[in-house]
Amino acid sequence: MPDHSERNRTTSSSSSRASAHDSTGSGSTSNSEMADVVRTLNEGTEADKEQVVIYLTQNSVTHHKDEIPETLAALQRADNQGMGKTSMIPISDPFKGGHQTGQYAFGEGTAASMKWWHEDNSLKDGQVKIGEEVLTLGPETDTPTDAQVAALQADWRIALVHVGLTDDKATEVIKVLLKNQDGSAKTTASGTGASNELLQLISVLNRAENGEFDISALVLSGHHYSGTSYMFGESGNHEYDDDQKTGDTLDFNDIEVLATVFPKAYSQVDSVMFSACNTHEIDQQNADGEQMSTPEWVQGVFPNVQTMSNWEGIAPGSDFAAFFSGEFMLDAARKESGDQGAMDDAYFRKTRIGDNKRWETGTDGAMTETKIAKNTGSYTYNDYKGYRNTNHEPFYKREDLMKYVLKKK
Amino acid sequence: MSLTLLWVGMALAKPTGLDASIGGIPADLNTPLQSATLTVTLDVEMRPVDGISMSRARKVSTHFVLTPMQGDPVPVEASLVNSPACRFRVPLAGPWQPGSALTVSVVITGDSLPMALDVQLPPGAKPAGQSWRLPAPTGELILTLPACG
């Protein structure tokens, strides 16, 4: 049986994590390092901060009704069992039904001041209207002109500052996302349709970097083709929105380069979960151009990651993937509470056409695959209703689960 | 004279592996269509995998009865057996005439599903008893199995 002892997160303080990341060469100046130390001293350790799961889903058609509520129910269960409260910030396109997540990433006021293309027919894909100003955050075609690409930088800067980044941070983001190494302009690696999710993610990373909360886990969910570097969404009729330049494609390369801009936020991440098909092959290369495995990439990007989950083969639909997400998140909470064997067994391990893999960082620093024993006591099936005890009820209609969705104050 | 066409659909699984396409109205059907009925039968099996009951489709079949402007009704059938897919797409495009309509029925046989089958019809479809009525058919009928892995 899992150990449900009380969570003790003081063993890995923010200050020790910052040191670990700095040793990898984040490029921080001595002034900013000093500022970090001062901020850490003022804000205390990780144990004092709100713990947050970032749940980024490219698939907005179903996740609000199954994966997200089940994961929230797992967080609720961990809290009720004395493992401490962890909240969630969901990131998505507007869900089918209209609920939007910008309010959680940007805050209600800022989100309300922005009209995206989903909600204003006068806008094109990748555009957002702030006041009377229309910003273009992604190209309209697969072959944008140099002038169009260069113009993206100015619009991204306005959007980044609008959602809370300083001018300096906005400059850093533009440097890694929208410039080549020679300084010439480029588009984001992610597609136009993912520009809103990308802006939400950056806003959340910026808040974590500034000490507002700690990111305990990052979930990346959506469709994924084997051997590609991006996850993608679908439109309401289950048509895949997978054009790499203009589609709803979120690229792992963008997630990677943002680590240099938000090193503290990335160093906070304990767990990474890929809830997507074929995420054992994500087309990432090391400095020598050699293919990296998914755990190698995850460790390179998130220096303090302890646990990781991905799919070899086909992941189930969101209704069934909900159980895998919930169980992984509950087991991650158990492990952080001191149960070092929490990842070693699971109720949900595989389907007919895919294996859910778990990986853990050992005392030697290497991330190795966990051999998972079957344990039906590790989670619940509950006649297909899981711990949320409902089928297909959106999370935002569940008052009890909404207590675990972090709202920006 | 009635004409019977037997058209066996091939699974066109997309790279993520969830989807299969089945049946549809043959491209070489030149007769303008006035109306039609479509019955999709999905025979479900709940089979344990790693101790968890998961759904799969033992057989999915489509049966169109197409009513041309002239001549006798034309039945068109297709089926998939033991498909690993979790989502089944039935193309609805055809030589439809203005004012034409398609009546769609979905029949589930076999084991009980833990949650309702997700039936997605193109915009404009309206319930008609236990069926749906779709004017000016186009697009696809999409059936998604729950608890399918």
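Which strand of chain B holds Ser79(B)? I will come to that in point 5, after a few notes on confidence and on the interface.

1. Please keep in mind that this is a predicted model. For chain A the average pLDDT is 89, and 89% of the residues score at least 70. The stretch to treat with care is residues 1-44 of chain A, where pLDDT stays under 50. The model does give that stretch 64 contacts beyond four places in sequence. Where pLDDT is low, though, predicted coordinates should not be read in detail.

2. Now to the contact of the two chains, to which chain A gives 30 residues and chain B gives 32 residues. About 2,400 Å² is buried between chain A and chain B, with 57% of that area on carbon and sulfur atoms. On the chain A side, the residues that lose the most area to chain B are His238(A), Tyr240(A) and Arg352(A), which together make up 30% of what that side buries.

3. Strand 7 (230-234) and helix 12 (318-336) of chain A are the elements that give two or more residues to the side touching chain B. Sorted by class, that side of chain A has 13 nonpolar, 10 polar and seven charged residues.

4. Is Thr380(A) buried or exposed? Thr380(A) counts as buried because its relative accessibility is 18%, under the 20% cut-off. The side chain of Thr380(A) reaches the backbone nitrogen of Asn382(A) at 3.4 Å. Beyond its neighbours within four places in sequence, Thr380(A) is in contact with Phe323(A), Tyr347(A), Phe348(A), Gly386(A) and Tyr387(A).

5. Back to the opening question: Ser79(B) sits in strand 5 of chain B, residues 74-83. With a relative accessibility of 22%, Ser79(B) counts as partly exposed, since buried means under 20% and exposed means over 50%. In sequence, Ser79(B) and Leu42(B) are 37 residues apart, while in space their C-alpha atoms are 9.7 Å apart.

Notes
Residues are numbered from 1 along each chain as its sequence is written. Chains are lettered from A and ligands numbered from 1 in the order in which they are written. This is a predicted model: local features need pLDDT of at least 70, side-chain atom pairs count only at pLDDT 80 or more; totals for chains, interfaces and linings use all residues. Side-chain values use heavy atoms; hydrogens and water are left out. Contact means heavy atoms within 4.5 Å. Buried area is the accessible area (1.4 Å probe) that two parts lose on being put together, summed over both. Helices (H or I, at least four residues) and strands (E, at least two) are DSSP runs, numbered from the N terminus. Ala, Val, Leu, Ile, Met, Phe, Trp, Tyr, Cys and Pro count as nonpolar, Asp, Glu, Lys and Arg as charged, and the others, Gly among them, as polar. pLDDT is the predictor's confidence in each residue, from 0 to 100. Buried means under 20% relative accessible area, exposed over 50%, partly exposed in between (1.4 Å probe, protein chains only). A polar contact is a pair of N or O atoms within 3.5 Å; within protein, one must be able to donate a hydrogen and the other to accept it, and residues adjacent in sequence count only if both atoms are side-chain atoms.
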